[in-house]
Amino acid sequence: MTSVDNPLEFGVVIANEEGRIEKFLEKPSWGEVFSDTINTGIYIIEPEILDYIPKNENFDFAKDLFPMLMNKGIELIAGYAEGYWRDVGNPESYRDVYEDILSKKINLSLGGEPHKYPESISLSEEDTAIDKSVEIVGIVVVGKNVTIKKGVKLSNVVIGNNVTIAQNSKIKNTVIWNDVIIGKNAKMDGCIICNDNHIGKNFAAKAGMILAEGCDIGELVSIEKDITIWPDKVIEDASIISHSVILGSKYKNSIFENGMVIGKSNVELSCEMVTKLAEAFGAQLPVGSTVLVSRDNDKSSRMLKRAFLGGLLSSGINIVDYNAIPTEIMRCSLSSIDEYCAGVYFHQKIDDPTSTVITFYNHEALRINSDMAKKIEKAFFKEIFRRVDYERIGQIIELDHKKEYGQYKKEMEELLQSHMFKCIDCRIAVDMMHEMASDVFPDILNDLGIDHILFNAYRDEQKLFNIKALSKRSYEDMGSVIRALKLNAGFMIYPHGQRLEIICDEGIPLTKQSALYVVMTLLNMEAKALGTTKRVFLPSWAADIIYFDHLETERGQYSNFKTAQMKKYDLIATGEGNFTFTEFATHRDSMYATLKILEMMVHHRVKLSKLIDALPKFFYRSFQIPSSQAMKGKMMRMLLDDAKGKEFSTLDGVKIWLDKNDWILMIPDQYSDHLNLYIQAENDEKGQVIHQCYTSKIEGWMKLNQPRNLE
C-alpha cells in the first residue's frame, strides 16, 4: 500500500496493526472513501493462489480474486511501501513522472555523459552531434545517434535514439521517443512524441499533445491544446487540428472540396464533427435565417443529417426539412423560394458507399464559393460558434414532397411543351439507377407522352453499394434492349440527379468526350435552325479540336459561378457527363438534360450513331500524377520554364500549345495530392509521344526537386 492525495482512481485498502487487510474497495466514489491508503498493484503470492483463478475467464486480482480469498478466510497481508510510487496509466501521470525525474524529486541515475551549463545540464549517450549554438535549460537527456542542429533551444526534454531536430526549433517539457525527425522552426511544449514519426518544418503544438507511432506530419501544421493523434496518420500541410485524430488514415488541411465536405461515414464524418460543422456554418448566417436541408436514402446520410440539424438549431437557424428528396428538386425549390438563404444536401458518395458527401448551396442553389467555405473552416477550426439564448433556438419545419414534386414537374413540362416538343414514333430506355428520381421522372415521361422502357425504377440502397457493377450491368442490359427493340437512345440517370450517361441507338455507350460533342452538335443544329448563336461554357481542360459555326464557346475556370453569370450561357458542361441547360435551371439536372437532348434529337430527326460517326477522330486523355502539396508549385514552375519559346496560357494551370491542335495542360488538384494532366492531339500517335515526353520530364523534375535534408 501507499498513501495518495486522490484515491478515487485506485483500490482503497484498510489493514489492522498486524497488517491483515480488513476491507478494500476498488475505485470508490468520494462518498465511499474510507482511507487514503491504496493498492499499488504490487503483489507477492504463494503458487497455490493461482488455483483460485478460473481458466478462460476475465478475472481481476483486485475486483475478483482478493474479495474471494477474504470470503474464504484466507489472510491477505498489506505492507506499506515507502519511497516514490506512481501509476502511469494515463498521459498526465506519464508526464508527471518525467517532471518528477527532471526536477530531481526522485534521486535517479540517468547515465550518459554529463555536460554542464549555467543552471542546467545535459546527459547524452555516444554518437551524438549537438551544435555548439544549442541552448540547454534545466535537464536534457539525449540518447544515441542524435543530431541537434544550430539555433535549437531545449528545456527539460528527454530524447531517445536516432532523433534529428532541425534548426531553430524550440522544445520544452517534452518526451521524444526513438526514430523521430523534426523539421526546422518546430515549437513544442508538454508533448509526447512516440516512435517513427516525421514532423515537417514550422510545426507548432500546444501543451498536452500526444503523437502516436508512425505518423507523417506536414509543414506549417498547428496543433491545439490536449490533442491526441493516433498511430499511422498523415496530416496534410497547413492543417489546424482542434480535436483528436483517432479514426481514418489522413487529416486534410481543408474541410471543403468545391463546396462539398467528403469523408468516411462515422469515421472522418462523425456526428460530433458534423454538429461542429453545422455550428460553424450557422455562425455565418443571420439569426432567424431559414436553411433547406435534405438527403438521399442512405442510412449514414440520415444519421449525419440529424446531427447537423442540432448544430444549426443551436446557432439560431430555422430549418425546412425535406427529408429524402432528389437533389435537383431540392435545388429548384431553393432557387425559387426567397425565404431560404441556403441549402445543405447529404448523400452517399457514388463511387465509395462507405463515404458521405455534404454539399452546401447558397440562396441561388449553387455550391458555396471558396470565400464562404474558408469562413466556415476558420470558425470550425477555431471553434468560433454562436450559441443563442433558449428563446432564439431555431425550429424545424418538415414538409412532404407533393408540392415540391408538383412544382418541379409543372415547370419542366410547361417549358418543353412551349417548344412544341412531340416525341412521335420515338422510344427510349431510361435507367433510374435505384434512386429517388424514380419518384418523379416516370410521371414526367408519361405526361409528355414519351414511349419509354424503365430499368431499376425503384429504390434499393444495397444495389448502390457497388455502382461500378450496377453501371456495367445497366450498360449491357440497356444495350441489348436498345438493339433488340430498335430504340432511339438510352439514358442513365445517376444517383443525386447530376451525372448523365447516354447510350446510342446501336446500344453503344458514349464516352464522356463523345457525349459532350454530340450534345454540342445538337445545340449547334438548334442554333442554326433558329438563325442565332448559342453560348457554351466549358472548363479549360475540355477538348477544343472541333469548331461549331453557331456556337460561341468559352473556356475557363469552372468554379465560384453566380447565377447572373451562368445565365449568359445556354449550356454549361464539364465534360464529365454533367449538363446545365440554363433555360430551365442554373444547376446540373440530368432529368431535364435527358429531355432536352431527346427534344433536339426528335426536332432535327437525327440518330446519335450518325452524329458520332461524323465526329473527327483525335487523341484526348487525362491523367493523375501523384504529387505532395509542397511539390505542386515546383512542378508548375518547371512546366512554365518548359513553356518558354512556345505559346502558353496560365488562365487555369499551365497550358502549352505544341502545335495548332496539340496541347498539354497541367492543373494542380486543389484538394488531393496529385497533378491533373490533360493532353489533346490530332491523332493517337502524336498524343502518345506527348504523353511519354512529358511523363518523363515530370519524373525528372520530381527527382530534381526532392528535399535532400531538413534544412
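**Exercise 1. Decide whether Asp352 is buried or exposed, and find its salt-bridge partner.**

Solution. Asp352 has a relative accessibility of 18%, so Asp352 counts as buried. The cut-offs are under 20% relative accessible area for buried and over 50% for exposed, with partly exposed in between (1.4 Å probe, protein chains only). The structure is a predicted model, in which local features need pLDDT of at least 70 and side-chain atom pairs count only at pLDDT 80 or more, while totals for chains, interfaces and linings use all residues. Residues are numbered from 1 along each chain as its sequence is written, and side-chain values use heavy atoms, with hydrogens and water left out.

Next, look for the partner. Side chains of opposite charge can pair when their charged atoms come close. A salt bridge is a side-chain nitrogen of Lys or Arg within 4 Å of a carboxyl oxygen of Asp or Glu. Asp352 meets Lys264 in such a bridge, at 2.8 Å from N to O. Because Lys264 lies in strand S26 (residues 260-264) and Asp352 in strand S30 (residues 352-362), the pair ties together parts that are 88 residues apart in sequence. Strands (E, at least two residues) and helices (H or I, at least four) are DSSP runs, numbered from the N terminus. Lys264 has a relative accessible area of 33% and is partly exposed.

**Exercise 2. Find how far apart the closest N and O atoms of Lys596 and Glu599 are, and where the two residues lie.**

Solution. The closest N and O atoms of this salt bridge are 3.1 Å apart. Both residues belong to helix H12 (residues 590-604); being three residues apart there, they are separated by about one helical turn. Then check the accessibility of each partner. Lys596 is buried at 4%, and Glu599 is buried at 7%.

**Exercise 3. Describe the salt bridge of Lys686 and name the network that includes Lys686.**

Solution. Lys686 pairs with Asp659, with 3.3 Å between the closest N and O atoms. Lys686 is in helix H15 and Asp659 is in the loop between strand S42 (654-657) and strand S43 (663-668), so the bridge ties together parts 27 residues apart in sequence. Lys686 is partly exposed at 27%, and Asp659 is partly exposed at 41%. The network of salt bridges links Asp659, Asp662, Glu682 and Lys686. For the chain, the count comes to 27 salt bridges.

**Exercise 4. Give the number of helices and strands, the share of buried residues and the span of the chain.**

Solution. The chain has 15 helices and 44 strands. Of its 711 residues, 51% are buried. Its C-alpha trace spans about 105 × 65 × 50 Å along the principal axes.
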